Amino acid sequence: MAKSGDGIRILQGLLVFGNVVIGMCGIALTAECIFFVSDPHGLYPLLEATENDDIYAAAWIGIFVGFALFALSILGIVGVIKSSRTLLLVYIILMLITYAFEMASCITAVTQRDFLTPNLFLKQMLERYNKSDADNNNDKWMAEGVTKTWDELMLQKHCCGVRGPSDWQDYTSTFRSNHKDADFPWPHNCCVMDAQGSPVNLDGCKLGVPGYYNSNGCYDAISGPLNTQAWGVAWFGFAILCWTFFVLLGTMFYWSRIEY
Amino acid sequence: MCSSWVVLAFCCLGQLCADQSLKPQIAAPQLATNNPTLTTVALEKPFCMFDSSLHPNKSYVIYLYAMKETASAISSQVTDNSGKPLDSTFQQTSGGQLGPYKAALFDVPNCASPPKLADVGDVNKVSDVLKQYLFRVGDDGTCLYDPNFLAVCNPPLAPDTTYRFKYVLLDSTEGIMKAQTLWSDPIKTRRVKLPLKIDTWPGRRSGDMIVITSILSVLVFLLLAGFLASVSSAVM
């Protein structure tokens, strides 16, 4: 049975509008995820070494899902305007698959974010920073990544350790086994540097004189961008999925009402 | 006659008492926040502690002795029988375990014009202020292994150990001890924990995760139900 002409027109209009929004959101999702994957803050080596880098996997899925949403929204618009049963059936099935992938991406991003605690980064920093004797190539790669990332982090964000410089004093570490405590109570990158890149006053830094060493921890500088990434992927994806839910229900209803 | 000798005796006793009630202090915690560390302790130099024993025309030098607190049961003497201070080294006393060892010698700090701690903020003055104000025991990591090293060796201390320190005033020409402080309060170096013991378990799940997972699961279920309903209604 067919609905009245006006009702059909309204439903078609709504579905076309819904698909346009999905298409635009798909492009936005792709752009956002490409931004996150490009790692502007250089924090990926830290996650890679913790073997907990699934928020990047979620961002990669987001890139392809966004593009798929854009392509499928065009298919949907064509199918709704032409009232073609085949096109709309293909649209619904492919959209359900894309929906499942995007759902996986959202849940992965938000679940993995819970794992990013200060203790995780602390343990990794103590075990891998400045590690020179590696077990295998993978280990060596991770240790180099961690060392380089921490060095840049301490220099650019003017911080030391995860919670503070006392992390280097409270725990043994690979760094401690390579450097004596008398000369290096903490890495020299924790000292306030002058324009040439050497510590302003090394004795002041070693003794912990305020103003000559970085006294705050780097955890905020690490968790800030990673949290933004996880929430950006998860919540934006969630919003798209809520909208897509209604569009899909409408499309299924429309499809079931088309006469041959 | 008798009374003047009594007065003189009291004066001398008073001077010795004044020296004896003073102890080496740890450096000001607001200045040296990283103190004591794993292997070093920064002590304030003895400002105005020996001034009553100084004569204007003589030259003096200060020795710093360090020993583990457990050694006080064995021997805590810093002079031999003739009043000359001991020349013990870190190796001879097994790092302060068998008795005190000489960790440093330096000039008597200037009591009249002590370094102003507020000057630490100035980058040009900070080295001088630190050098005049405090001394870091355990600073030299290489002198133990350097066969050419001839000065007083100040090797790193042991972690998680209690040490005590003493300053001794010495007349440089006679080589005899003139005054000494008491042994300082016990100062313990830091202790380390193993990184293996760090617990990386995140604990309970955050609210976001529960909301997103539960709502998305419900939506997917409803979508599949809707799909089945529309397919079955189209087939029939």
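Chain B holds three helices and seven strands, where helices (H or I, at least four residues) and strands (E, at least two) are DSSP runs numbered from the N terminus. Read along the sequence, these elements of chain B follow the pattern α-β-β-β-α-β-β-β-β-α. The radius of gyration of chain B is 32 Å, well over the 18 Å that the globule rule gives for 236 residues, so chain B is more spread out than a compact globule; this radius is taken over C-alpha atoms, and the rule is 2.2 Å times the number of residues to the power 0.38.

The model is a predicted one, in which local features need pLDDT of at least 70 and side-chain atom pairs count only at pLDDT 80 or more, while totals for chains, interfaces and linings use all residues. Residues are numbered from 1 along each chain as its sequence is written, chains are lettered from A and ligands numbered from 1 in the order in which they are written, and side-chain values use heavy atoms, with hydrogens and water left out.

Chain B is divided into domain 1 (2-188) and domain 2 (195-235), with bounds that come from an automatic or database domain assignment. The C-alpha centres of these two domains of chain B lie 68 Å apart.

Chain A, in turn, has 10 helices and zero strands, and from the N terminus on its elements run α-α-α-α-α-α-α-α-α-α. With a radius of gyration of 26 Å, well over the 18 Å that the globule rule gives for 260 residues, chain A is more spread out than a compact globule.

Buried means under 20% relative accessible area, exposed over 50%, and partly exposed in between, with a 1.4 Å probe and protein chains only. Accessible areas come from the Shrake-Rupley method with a 1.4 Å probe, and for residues only the protein chains shown count as cover. The boxes are those filled by the C-alpha atoms, taken along the principal axes.

| Chain | Box of C-alpha atoms | Buried residues | Accessible surface |
|---|---|---|---|
| Chain A | roughly 85 × 35 × 25 Å | 53% of 260 residues | about 11300 Å², 63% from carbon and sulfur atoms |
| Chain B | roughly 130 × 40 × 40 Å | 40% of 236 residues | about 13000 Å², 60% from carbon and sulfur atoms |

Contact means heavy atoms within 4.5 Å. Among contacts in chain A between residues at least 6 apart in sequence, 73% join residues at least 24 apart; in chain B, residues 24 or more positions apart account for 69% of the contacts with a separation of 6 or more.

Chain A has 16 positive and 24 negative side chains, and the centres of the two sets lie 9 Å apart. In chain B there are 20 positive and 19 negative side chains, whose centres lie 7 Å apart. Here Lys and Arg count as positive and Asp and Glu as negative, while His and the chain ends are not counted; the place of a charge is taken as NZ of Lys, CZ of Arg, CG of Asp or CD of Glu.

**Helices 5 and 6 of chain A**

Helix 5 (residues 118-128) of chain A has as its buried residues Leu120(A), Phe121(A), Leu122(A), Gln124(A), Met125(A), Leu126(A) and Arg128(A). What covers them includes helix 2 (44-50), helix 6, helix 7, helix 8 (174-178) and helix 10 (219-257) of chain A.

Met142(A) lies in helix 6 (residues 137-156) of chain A and, at 7% relative accessibility, counts as buried. Leaving aside its neighbours within four places in sequence, Met142(A) is in contact with Glu48(A), Ala49(A), Glu51(A) and Arg128(A).

**Backbone features**

Most residues other than glycine have a negative phi, and most peptide bonds are trans. Just after helix 5 of chain A, Asn130(A) takes a positive phi of about 70 degrees. His158(A), with a positive phi near 50 degrees, sits in the loop between helix 6 and helix 7 (166-170) of chain A.

In chain B, Ser94(B) has a positive phi of about 55 degrees although it is not a glycine. Ser94(B) is placed in the loop between strand 2 (60-68) and strand 3 (101-106) of chain B, and at 41% relative accessibility it counts as partly exposed. The peptide bond from Asn35(B) to Pro36(B) is cis, with omega near -15 degrees, and Pro36(B) belongs to the loop between helix 1 (2-20) and strand 1 (41-44) of chain B.
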